[in-house]
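Good morning, colleagues. Please have the display in view.

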Amino acid sequence: MKILIVEDGKELRETLVNSLEKDHYLVETAEDFKSAFEKIGLYDYDCILLDIMLPGGSGLELLQDLKKNGKSENVIIISAKNSLDDKLVGLELGADDYLTKPFHIAELNARIKAVLRRKQQDGKDTLDVGNLLLDLNERMLYIAGETVRLNRKEFDILNYFLLNKNRLITKSALAEYVWGDHIDQADNFDFIYYQIKNLRKKLLDAQASIQIESVYGVGYKLLEP
Amino acid sequence: MKLLNRSLLYLSISFFFIIGIWSVIFYINLKDEIRDSIDDGLENNKLLLIQKVATDSTLLLQREFGGNNFEIHPIDRITALQVRDVYKDTLMYRQNEDDMEPVRILHSAFANDGKYYRIKIISSLVEEDDLLEDAFWSVVWLFFILVASIILINNLILRRVWNPFHELVARLRKFRLEKDTTAISVKTTTPEFLELQQAANALIRHSQEAFLSQKQFTENASHELQTPLAVISNKLELLLESETLNSKDAQTVAEVIQMAERMVQLNKSLLLLAKIENKQFDEPTSIGINSLLEETLTHFEDYIKYRNIEISKKFQNSITVFIDPSLARILVSNLIKNAVFHNIENGHIQLFLEGSKMTVCNAGSNKALNPEIVFQRFQKDANNNQSTGLGLAVCKAVCEFYDIPISYYYNEGEHCFVIDFTKIAKVL
């Protein structure tokens, strides 16, 4: 899997490279409009993370160029500007997704996985981890072939974990993904713990080969042995 | 004390002294003038008498004033030569007044046929106490008439002169930095008021610049902070995944992550606040408050269930408001969020829609918040350090944007927030 990161901020770029390499992606970077333009022209990428404001030009121009070549559908825009206009223009130009800085790594992972999955699995939208099979279209979970009933929130949580297997998911990242922006100032995320507890019990009962581990009170990690 | 009254007081005091001093001088001068003219008359009388005596010697026998105004006594030569004309004030009995009255008297001497005589001629004098009394009352009347005229002039004429000033004050009082952009202009040609107007406009301009740069600063600062904050959070998240980290360090990293997340949250709220204040949301459409409330509640249902908070809704009617959809969502969401997160275990939330008013009441601490500062930035519950203290400030900013009132009251353990949508509402 080849991913191109187009981002002028050195620190963020390196952080993203570090994170993506953990998931064994091939990562290339471009720090300005010119080098991004060249790389996009020369190579094919499975996913492109594209900053809008770049030295030497706008990321939206790059997107336009990609669209002309029919390659814009695997672009995730990452922008510091939470502007609805940029978002609409970006999505109109065929970008797959729009992520506002600052974002959680787990969120980025999930979005990248979504792009890659759509590209590869020819409409078959399932996640396959250990003896688990999560059908995203039917919203069903199968463990070792058996159906396991999950409520809506449990399903979303498990989905997020499977997209970020073996990676840390902070509670706030999980809350933002499952409950939206609304919970941002929750004085504690204890209520998340109850959902996790129920989910763990269901996984244990069905003898799932994965487990959800707490990480220093700050988040969770799905472990696949 | 009003300027009008103050100037009146000062003028009155000045008049009092000016008229007082003036009237004393005038009185003395008047008296002198009267004496002078009487003295002239007496001298003339004397000359006429001396001429008359030469032809009519019976006059020399006039020893008492009687009905006449003179008396003549023979004296020896030596005494006569020593006599100088002397004018004096004296008192004489007046039969008609039955009282001693002031008279002017001339003591003189003359020679006739080689004999010497002393002559006294009198003339009745103005009654000084009467004159004084009359003059005093005239002056008092003058004083009061003057003061009365000033009051009259002030009220009828000068008041109009002050009109531009009052208009200027009224305009300044109504001036709102965040709304008014044009300078104040009042119709006047008076240089003092023009100067005041210029000074006021200069002040407004400075304030507007400061206000604008403050707003821009908040927005720019929050904006610039986003990337470094993102890097901090992301790097920390990666660090926590590191295999080489020992558990104690990992614990520290986890705590720093939590702090960083709070900063991200705070920054987001500040940016939102700045955007609202900078009018970056302004595409109003019709929004139904009832359904918006219901929808917002579903976002918090897990937390509500977890804290076992009871929700009761009393919607007497539907309210539809003409508002930017993002702002409507932000407003309602922040209010509900506030009610949910500052609630107590097994608490309750009551939602009321009545007329064009929306009221959100929640159980909470047993202490009323200060309604003066509850909507200010960074006013937060000391027990809740995860709160940004910006939620209600955001609500206030939205309400101010649409000029709709938001208020807070406390009633027996219930904290209530009321928004009156009248100005932008269509009640159905």
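Which residues of chain B does UniProt list for "transmembrane region"? The unreviewed entry gives residues 7-28 and 135-158 of chain B; such positions are stated in the numbering used here, feature names are shortened, and annotations may be inferred rather than shown by experiment.

A note on conventions. This is a predicted model, in which local features need pLDDT of at least 70 and side-chain atom pairs count only at pLDDT 80 or more, while totals for chains, interfaces and linings use all residues. Residues are numbered from 1 along each chain as its sequence is written, and chains are lettered from A and ligands numbered from 1 in the order in which they are written.

Returning to the two listed stretches, residues 7-28 of chain B are 100% helix and 0% strand, with end C-alpha atoms 31 Å apart. For residues 135-158 of chain B the figures are 100% helix, 0% strand and 32 Å. Helices (H or I, at least four residues) and strands (E, at least two) are DSSP runs, numbered from the N terminus.

I turn to the interface. Here 34 residues of chain B are in contact with 32 residues of chain A, contact meaning that C-beta atoms, placed from the backbone, lie within 7 Å. On the chain B side, the elements giving two or more residues are H5 (191-241), H6 (247-277), H8 (301-306) and H9 (325-341). The largest share, 13 residues, comes from H5(B).

Helix H1 (residues 10-22) of chain A packs against H5(B) at an angle of about 25°, their axes 9 Å apart; axes are lines fitted to C-alpha atoms, for helices over the stretch in contact, and angles run from 0 to 180 degrees between N-to-C directions. That makes H1(A) roughly parallel to H5(B), the word used for angles under 35 degrees. Among the residues that meet are Leu12(A) and Thr15(A) from H1(A), and Val231(B) and Asn234(B) from H5(B).

Finally, the sheet. Chain B has an open sheet of 5 strands in the order S6-S8-S9-S11-S10, with mixed pairing; strands pair if DSSP finds at least two bridges between them. Strands S6 (310-315) and S10 (406-411) of chain B stand at the edges with a single partner strand each, so one side of each lacks a neighbour in the sheet. S8 (residues 348-354) and S9 (residues 357-363) of chain B pair in the antiparallel sense over 6 bridges, and Leu351(B) stands opposite Val360(B) in S9(B).

Terms used
Two residues are in contact if their C-beta atoms, placed from the backbone, lie within 7 Å. Angles under 35 degrees count as roughly parallel, over 145 as roughly antiparallel, 65 to 115 as roughly perpendicular and the rest as oblique.
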